[in-house]
Each structure stands twice: as C-alpha cells, then as structure tokens.
Amino acid sequence: MPPVSPRNTERIRPTLPDVVTVSNPLDLNIPWQSDTGVSLDDAGSIATCLVEGSEGETDAIVMMVDVPRTGNGIDLPWLPSLEALVEARRRTGLPVVATGIFPDGLAAEHRAWLQDRDVAALAGMTETLEALGGAARASARISELAPKDARPLPLFSSRPPLAPRMLDENESKSRLAASGLVFPPRWCGAPGDAGAAADRLGYPVAVKVLSADVAHKARFGGVRLGLRSASDVAAAAEEVVAAVGTAQAGAAIAGVLVERMVEDVRHELILGIKRHAELGLALLVGLGGVAVEAQRSYALTLLPASGREFSAALDRLAVAGLGACARDAVLRAMVAVAEFAVSHRDVIVELDINPLIVTGDHRAIAVDALLVIGEAGPE
C-alpha cells in the first residue's frame, strides 16, 4: 500500500503519541482520553486523523477492529472508533470498510449499524483483502468496457418464467433464425420421406430424431452423422426413431430432421443463455463440441451488454487460431443470441447452441439448438 505522504504526515503527526508510527497501515495505539490529540473516546478526533491522513491519496479507508462482545460494558471503549468511520465516510465520500481481524470480530448488531450508515461491514482480514481485490478488478473491468460518461445498463428481472417447456430442434432453430443466427439447410418430416429430402439438400447429411421431450438425442441413439446416400438416410431415419422410442419410452416423436453437415470445421464453440436466480440473464460462450463438459472453458456476460463486452468475453476465452474474420462471425452469432434473449427476456428459461462451428471460410454456423421457454410471470 502507498505510504502516507509527507504533507499528510505533517498534519497528523502532532495529534498522535510518539509511540505511533505514521505509516500505512496505521496502528492507532492511542490513549483512552487526550486533551491535545487523538483519543479513543473521541470519535471526531479519530475521524479527523483518518481524513487528514488519507486526503487526496486514498481510494478507500479500511479499519480493522475487533470489538469485545457486549457484557459489563467492555465493548463501550471501541464504539467511538465505529462512529469515526461513519464520520469519515460522510466527510470524504470514499468507500469505508469496517472489519475484524478475525471473521467474528464484529458482532451482528455492530455490522448492521454500520451498514445502515453506508459503511461496509466485512468479516475477517483475509476475507476483506480478497473483497477489496475483487472490487478493484471489477472497477478496472468496468473502466475498460464502458465509456467514462456512460451509465451501466440495468439488469433484467430475475423472476423465472412459468410453465417452462422445451421446443424441438426445428422449432428452436426457426425462432433463432429470425434473430440472425445462421443454420445449415434442413428438412423435417416423416422417416419415410427422409431419403428424398437428403437428395435435395445434398450430402453429407445428419439425421436426428425430432422430439420436444428429448434434450440430448445423441445419448439415446437419436443421431446419425456423415450419411452420403438416400438409402443410408432412410435406414438411419428408422433407426433413430426406434432407438429413442426404446430408450425414452413415452417420449413424443414428431419425426426426423435431416440437415446438411458443415464441412471444413476449424473450431467448435458453445453459445447459450442462462438465467441466474438473482442476476437475471447471462450469455455464455465457451469451447464446445462433445468435450464441452470436460473442458469447462467458458466466459459469461450479464445481459443487457454492449458489443465491447461480448468482444472482451471472447478474448477471455482465447480460442487458438481464431482469425479476425472468423472472430467477427462468432461475435455476430453472440449478438444474435443476446438479441433473441433480450427480446424474449420474460419467457426464456434456457438456450444452448452446441456446437457453433467455425469454418475455414470464416463462417459461424449453429449446428444444434435447444430452447426452453415459458410464460411471463406476474410483476
């Protein structure tokens, strides 16, 4: 921490006993009473010492003080120090923190009293230093992302939608395509018509069972990839319906989806929307594909957000070999997903796109989509 400046040292040195070294941190080893300087029973003198010792050079004032528990008045000598922090907060406008060296150093009633007067009451020296570090990093991040004259956008309501239901893959993709997300050409219908549909789409194709009751089709044998003939597609269509019907008895199956496969794959990412119980909606971007759960490499951005925030999230992900053109395509996909979530913020429960494929010609194409929506709850 920076030392106390010579100017501020000259201001407070005469008010402190000789045994007190003017430094940062400052050990206020002061007498109970004093007619000439700072004393333990005088909240105003302590506040003045804190204000004058930090003026012009300090981002926050933190006092670590362990107050004995109430009983026989043994806590009374320490209470003026807490009052001094409230006064220092009022006079400086700086963030002011009170904490015990030990996590239980401040009783609950003292913490509540301080919080009500705009002094942050924390618990423990280690925990307080970690909190200050987190606050400093968050402040630096905000400064990077937002212009100095811009106010941060308010978060959305976090109330969960009612009666959530999962949409099948075709309906999910149809809704998302309206927001600008790019998907491969596809067809859906009865298994018996799948071969002819594949001929029209062009090969290779993927065949997937179409159901609003099955979230992870591949786990239950509901996906076949790399098919290159109508006969293979026809057989695969019957197989995926039978496999899922056996593994997920009672699941409603609407047919099959045939989709042109994306070739020249360079990267696989995951995009999604998560609803946090307290913070509302967040956009997730991460390394995707079949290894998404093993890699657990992702970045979250609370919504609403700016393009600069999406760009910073992608930078944190650090996708190796992602060139400028491909990066722009991924950012457009992130914006499309975010815009969909914002426009459906009262009803969206969850959205997963895995994988989002980045191709050698710098396109970002969403191959699979799972959307869960509900009904807007009461205000």
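## About the model

This is a predicted model, where local features need pLDDT of at least 70, side-chain atom pairs count only at pLDDT 80 or more, and totals for chains, interfaces and linings use all residues. Residues are numbered from 1 along each chain as its sequence is written, and side-chain values use heavy atoms, with hydrogens and water left out.

## The parallel sheet

Let's begin with the open sheet of three strands, whose order is β1-β2-β3 and whose pairing is parallel. Its edge strands, pairing on one side only, are β1 and β3 (120-121). Strands here are DSSP runs of E with at least two residues, helices are runs of H or I with at least four, and both are numbered from the N terminus. Two strands count as paired if DSSP finds at least two bridges between them. β1 and β2 (residues 96-99) are joined in the parallel sense by four bridges.

The patch covers about 570 Å² of surface and is made by Val 62, Met 64, Ile 101, Phe 102, Met 125, Leu 129 and Leu 132. The largest share, three residues, comes from α5.

Patch residues have over 30% relative accessible area and no salt bridge; like charges are joined within 9 Å, and nonpolar side chains (Val, Leu, Ile, Met, Phe, Trp, Tyr) within 5 Å. A salt bridge is a side-chain nitrogen of Lys or Arg within 4 Å of a carboxyl oxygen of Asp or Glu. Accessible areas come from the Shrake-Rupley method with a 1.4 Å probe, and for residues only the protein chains shown count as cover. Val 62 lies in strand β1 and is partly exposed, with a relative accessible area of 32%. On this scale, buried means under 20% relative accessible area, exposed over 50%, and partly exposed in between (1.4 Å probe, protein chains only).

## The antiparallel sheet

A second open sheet has four strands in the order β5-β8-β6-β7, with antiparallel pairing. At its edges are β5 (186-189) and β7 (223-227), each pairing on one side only. From one strand to the next, the twist averages 15°; axes are lines fitted to C-alpha atoms, for helices over the stretch in contact, and angles run from 0 to 180 degrees between N-to-C directions.

Within this sheet, β6 (residues 205-210) and β7 run antiparallel and are joined by three bridges. Opposite Lys 208 you will find Val 223 in β7.

## Strand β14 and its partners

Strand β14 (residues 369-375) is mostly covered, with six of its seven residues buried. It pairs antiparallel with β4 (residues 162-166) over three bridges, and Leu 162 has Glu 375 of β14 as its bridge partner. β14 also pairs antiparallel with β12 (residues 348-359), over five bridges; there, Ile 348 stands opposite Ile 373 in β14.

## Cysteines and a loop

For anyone thinking about cysteines, the structure holds zero disulfides (pairs of cysteine sulfur atoms within 2.5 Å). Cys 49 counts as buried, at 3% relative accessibility, whereas Cys 188 is partly exposed at 31%.

Finally, Val 19 sits in the loop between α1 (6-12) and α2 (43-54). Its relative accessibility is 62%, so Val 19 counts as exposed.
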